[in-house]
Amino acid sequence: MCGRYATSRTPANLVDDFEADVGDLFTDTGPDFNLAPTKLAPLVVGRTKDDTFRRELVTAKWGLVPSWAKDPAIGNRLINARSETVAEKPSFRKAFAKRRAIVPADGFYEWYQPEAGADGKRPPKQPFFMSAEGGLGLAGLYEFWKDPQGQWLLTYTILTTSAEGEDGRIHDRAPLIVDGEIASRWLAAEPWPDALEHLVPATPGALRAWPVSTAVNNVRNNGPELVEPLPLDGE
């Protein structure tokens with residue numbers, strides 16, 4: 001799964017990188033190097049007005065709350081959507097059909113569990129940061145939810161896929177990346193049944209991965225030092 005990531009691009013950078021306009025629902029939350037579920041983060045969506053399509057930068061809460069939900073706490077369990085079932089699951093199928101999004105990220109964290117030693121004990125999990133030059137655009141879905149007082153909540157989830165085999169040596173699930181060439185179609189508010197075939201798994205084979213400090217384990221820690229590679233032995 002994808003349960004933590006970093007996003008530090010400025011609004012101006014996001015506008016340029018994703019060819020988007022700043023929307024009315026955007027609030028600059030600043031850089032976050034330890035972005036966890038329930039936090040607010042930038043999101044790129046597609047909007048059509050007066051028959052004109054445009055990409056729009058908004059701010060949303062991580063953890064999708066379906067429009068039919070009775071309690072927004074359901075979003076705490078819907079931070080990721082499995083691509084294998086996203087078209088059928090009641091929580092995601094409507095959003096997959098017409099509310100697809102791009103989640104800007106510098107990179108994301110995964111935790112590798114080393115094999116047990118001769119004594120049968122497993123060492124602590126080692127966090128890795130996975131990234132690519134220029135950052136990533138992760139595949140996401142979004143929803144609007146209205147509370148009993150009439151206030152709207154905008155939420156999102158990140159799509160994941162299997163990362164078995166050599167590419168899954170750090171973790172068995174990986175988020176999906178939206179390539180720039182398909183971004184507009186991915187964001188269009190219309191069904192695209194074979195959309196998943198055009199997304200790229202964010203696995204070690206496609207990205208760079210390096211070990212980072214266990215300080216990232218504590219969500220209260222936040223700063224660029226979290227993504228710095230651990231020094232090699234002897235350095």
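This is a predicted model: local features need pLDDT of at least 70, side-chain atom pairs count only at pLDDT 80 or more; totals for chains, interfaces and linings use all residues.

Tutor: Residues are numbered from 1 along each chain as its sequence is written, and side-chain values use heavy atoms, with hydrogens and water left out.

Student: What makes the radius of gyration of the protein agree with that of a compact globule?

Tutor: The radius of gyration is taken over C-alpha atoms, and the globule rule is 2.2 Å times the number of residues to the power 0.38. For 235 residues the rule gives a value near 18 Å, and the protein has 18 Å, so the two agree. Along the principal axes, the C-alpha atoms fill a box of roughly 65 × 40 × 35 Å.

Student: Why is Arg173 called buried?

Tutor: Buried means under 20% relative accessible area, exposed means over 50%, and partly exposed lies in between (1.4 Å probe, protein chains only). Arg173 has 9% relative accessibility, and therefore counts as buried. This residue belongs to strand S10, residues 173-177. Across the protein, buried residues make up 47% of the 235 residues.

Student: Which side chains make polar contacts with the side chain of Arg173, and how do you know that the term applies?

Tutor: A polar contact is a pair of N or O atoms within 3.5 Å; within protein, one must be able to donate a hydrogen and the other to accept it, and residues adjacent in sequence count only if both atoms are side-chain atoms. The side chain of Arg173 meets that of Glu84 at 2.9 Å and that of Thr160 at 3.1 Å. Both pairs are therefore polar contacts under the 3.5 Å limit.

Student: Is Arg9 buried or exposed, and where is it found?

Tutor: Arg9 is buried, because its relative accessible area is 16%. It is found in the loop between strand S1 (5-7) and helix H1 (11-18).

Student: Which backbone oxygens does the side chain of Arg9 reach?

Tutor: The side chain of Arg9 reaches the backbone oxygen of Ala105 at 3.2 Å and the backbone oxygen of Gly134 at 3.4 Å. In terms of contact, which means heavy atoms within 4.5 Å, its partners beyond four places in sequence include Leu14, Asp17, Phe18 and Leu136.

Student: Why does Thr7 count as buried, and what does its side chain meet?

Tutor: Thr7 counts as buried because its relative accessibility is 4%. This residue is in strand S1, and a polar atom of its side chain lies 3.4 Å from the backbone oxygen of Pro104. Beyond its neighbours within four places in sequence, Thr7 is in contact with residues including Gly30, Pro31, Asp32 and Leu35.

Student: What makes a space a pocket rather than a cavity?

Tutor: On a 1 Å grid over the protein atoms alone, a cavity is a set of points where a 1.4 Å probe fits but cannot get out, whereas a pocket is an open set with protein on both sides within 12 Å along at least five of seven lines; lining residues have an atom within 4 Å of a point. The largest pocket has a volume of about 290 Å³. Of its 15 lining residues, the closest to its centre are Phe18, Gly137, Val178, Asp179 and Gly180.

Student: Which element gives the most to that lining?

Tutor: S8 gives the most to the lining of the largest pocket, with three residues.

Student: What is the make-up of the second largest pocket by class?

Tutor: Its lining has two nonpolar, two polar and five charged residues. Asp, Glu, Lys and Arg count as charged, Ala, Val, Leu, Ile, Met, Phe, Trp, Tyr, Cys and Pro as nonpolar, and the others, Gly among them, as polar. Among the lining residues are Asp24, Arg47, Lys49, Arg54 and Glu56. The volume of the second largest pocket is about 160 Å³.

Student: How many cavities of 30 Å³ or more does the structure hold?

Tutor: The structure holds two such cavities. The second largest cavity has about 30 Å³ of space, and its lining includes Trp68, Phe92, Lys94 and Glu143. A volume here is the space filled by probe spheres set on the grid points, which are joined across faces, edges and corners.

Note on methods:
Helices (H or I, at least four residues) and strands (E, at least two) are DSSP runs, numbered from the N terminus.
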